[in-house]
Amino acid sequence: WDGWISDSKCGVKGANAAHAQCAKKCIAGGEKAVLVTDTDQKVIAIENPAAVAGHEGQHVKVTGTMTDGALHVDTVTPLT
């Protein structure tokens, strides 16, 4: 999936580069990391948030598997 690493509080509103600092702050403050997909702006919960640590607020390509509506992230690659 291609999309933005956002936070559960802002969701789709956080799917842009201008939101990066807010996403980092919210996730550090306890909000859950989520992926907002490029294709349909769907907000997907991330099962293993440690896998996206350091990518908060970034546009990324994520590989992994969906389990019970949450994404288990295997790899994260920044997109430019």
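Me: In this predicted model, which residues is threonine 37 in contact with, leaving aside its neighbours within four places in sequence?

Reply: Threonine 37 is in contact with Trp1, Asp2, Gly3, Lys42 and Ile44 once those neighbours are set aside, and threonine 37 itself lies in strand 2, which covers residues 33-37.

Me: Is threonine 37 buried or exposed, and which side chain does its own side chain join in a polar contact?

Reply: Buried means under 20% relative accessible area, and because threonine 37 has a relative accessible area of 3%, this residue is buried. Its side chain is joined to that of aspartate 40 by a polar contact of 2.4 Å.

Me: Where is isoleucine 44 placed, and what does isoleucine 44 touch?

Reply: Isoleucine 44 is in strand 3, residues 43-46, and counts as buried at 4% relative accessibility. Not counting residues up to four places away in sequence, isoleucine 44 touches Val34, Leu35, Thr37, Met66, Gly69 and Leu71.

Me: How should I read the pattern of buried residues in helix 1?

Reply: The general idea is that an α-helix has 3.6 residues a turn, so residues three or four places apart point the same way. In helix 1, residues 20-28, the buried residues are Ala20, Ala23, Cys26 and Ile27; seen down the helix axis, these fall within an arc of 130 degrees, so they line one face of helix 1.

Me: What do the buried residues of helix 1 pack against, and which exposed residues does the face turned away carry?

Reply: The buried residues of helix 1 pack against strand 1 (2-7) and strand 2, while the face turned away from the buried side carries the exposed residues Gln21, Lys25 and Ala28.

Conventions. Residues numbered from 1 in each chain as written. Predicted model: local features only at pLDDT ≥ 70, side-chain atom pairs only at ≥ 80, totals over all residues. Heavy atoms only, no water. Helix = DSSP H or I, 4+ residues; strand = E, 2+ residues; numbered from the N terminus. Buried < 20%, exposed > 50% of the residue type's maximum accessible area, 1.4 Å probe, protein only. Polar contact = N/O pair within 3.5 Å; in protein donor to acceptor, adjacent residues only side chain to side chain. Contact = heavy atoms within 4.5 Å. Arc of directions from axis to C-beta.
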